[in-house]
Amino acid sequence: MATIEECRAALEKLSDSMADADGKVREAAALDRSVSCHITDLDITFTGRLTGGRIDVRDTVPGPPPEKAQIRLAMAGDDLVALVGGGLNFAAAWGSGRVKLEASLLDLFRLRKLL
């Protein structure tokens, strides 16, 4: 099972990858939205903002998200680490229910370029 520190590092790596991207991926990351990532097996949630092409993790709270973020992810810690490390395909994980993503329809269309 991934630790809180490994999950935070994976989110930081994802943020760095988004900041270094170009073209359509960079354009998709140029949203300004509140974000939450609930790590189900650890029962913690990282909260923050997607802004300036980066994910700014501002807090780690116990349990599910305290507020409804505009972009919401939920998954096991190992799945987060595998997704960011390239060992798990997002579409397959999302289709099987291992990863949950909730956002407005417009945001989902933009985010698909990232995923």
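Surface patches here join residues of like charge within 9 Å, each with over 30% relative accessible area and no salt bridge. Keep that in mind for the last stop. The model on screen is predicted.

**Stop 1: the whole chain**

Show the chain as a cartoon. Count 5 helices and 5 strands. Trace the chain from the N terminus: the order is α-α-β-β-β-β-α-α-β-α. Now switch to C-alpha atoms. They fill a box of roughly 35 × 30 × 25 Å along the principal axes. The radius of gyration is 13 Å, which agrees with the value near 13 Å for a compact globule of 115 residues. Colour by accessibility next. Buried residues make up 38% of the 115.

**Stop 2: the salt bridges**

The whole structure holds 6 salt bridges. Three of them follow.

Select Asp32 and Arg49. Their closest N and O atoms are 3.1 Å apart, and the pair forms a salt bridge. Asp32 sits in the loop between helix H2 (23-29) and strand E1 (33-39), while Arg49 belongs to strand E2 (residues 44-51). The pair links distant parts of the chain, 17 residues apart. Check the cover on each partner. Asp32 is partly exposed at 42% relative accessibility. Arg49 is also partly exposed, at 23%.

Move to Asp56 and Arg58. This salt bridge has its closest N and O atoms 3.0 Å apart. Asp56 is partly exposed, with 34% relative accessibility. Arg58 has a relative accessible area of 52%, so Arg58 counts as exposed.

Now select Arg98 and Asp79. Their side chains meet in a salt bridge, 2.5 Å from N to O. Arg98 lies in the loop between helix H4 (90-96) and strand E5 (100-102), and Asp79 lies in helix H3 (residues 77-85), so the pair ties together parts 19 residues apart in sequence. Is Asp79 buried or exposed? Asp79 is buried, at 10% relative accessibility. The cut-off for buried is under 20%. Arg98 is partly exposed, with a relative accessible area of 43%.

**Stop 3: the negative patch**

Select Glu5, Glu6, Asp41 and Asp78. These residues gather in a patch of negative charge on the surface. Zoom in on Glu5. Which helix holds Glu5? Glu5 lies in helix H1, residues 4-20. Its relative accessible area is 58%, so Glu5 counts as exposed.

Methods
Residues numbered from 1 in each chain as written. Predicted model: local features only at pLDDT ≥ 70, side-chain atom pairs only at ≥ 80, totals over all residues. Heavy atoms only, no water. Patch = residues over 30% accessible without salt bridge, like charges linked within 9 Å, V, L, I, M, F, W, Y side chains within 5 Å. Areas by Shrake-Rupley, 256 points an atom, 1.4 Å probe, with all protein chains shown as cover. Salt bridge = Lys/Arg side-chain N within 4 Å of Asp/Glu carboxyl O. Lys, Arg positive; Asp, Glu negative; His and termini not counted. Charge placed at Lys NZ, Arg CZ, Asp CG, Glu CD. Helix = DSSP H or I, 4+ residues; strand = E, 2+ residues; numbered from the N terminus. Buried < 20%, exposed > 50% of the residue type's maximum accessible area, 1.4 Å probe, protein only. Rg over C-alpha atoms; globule rule 2.2 N^0.38 Å.
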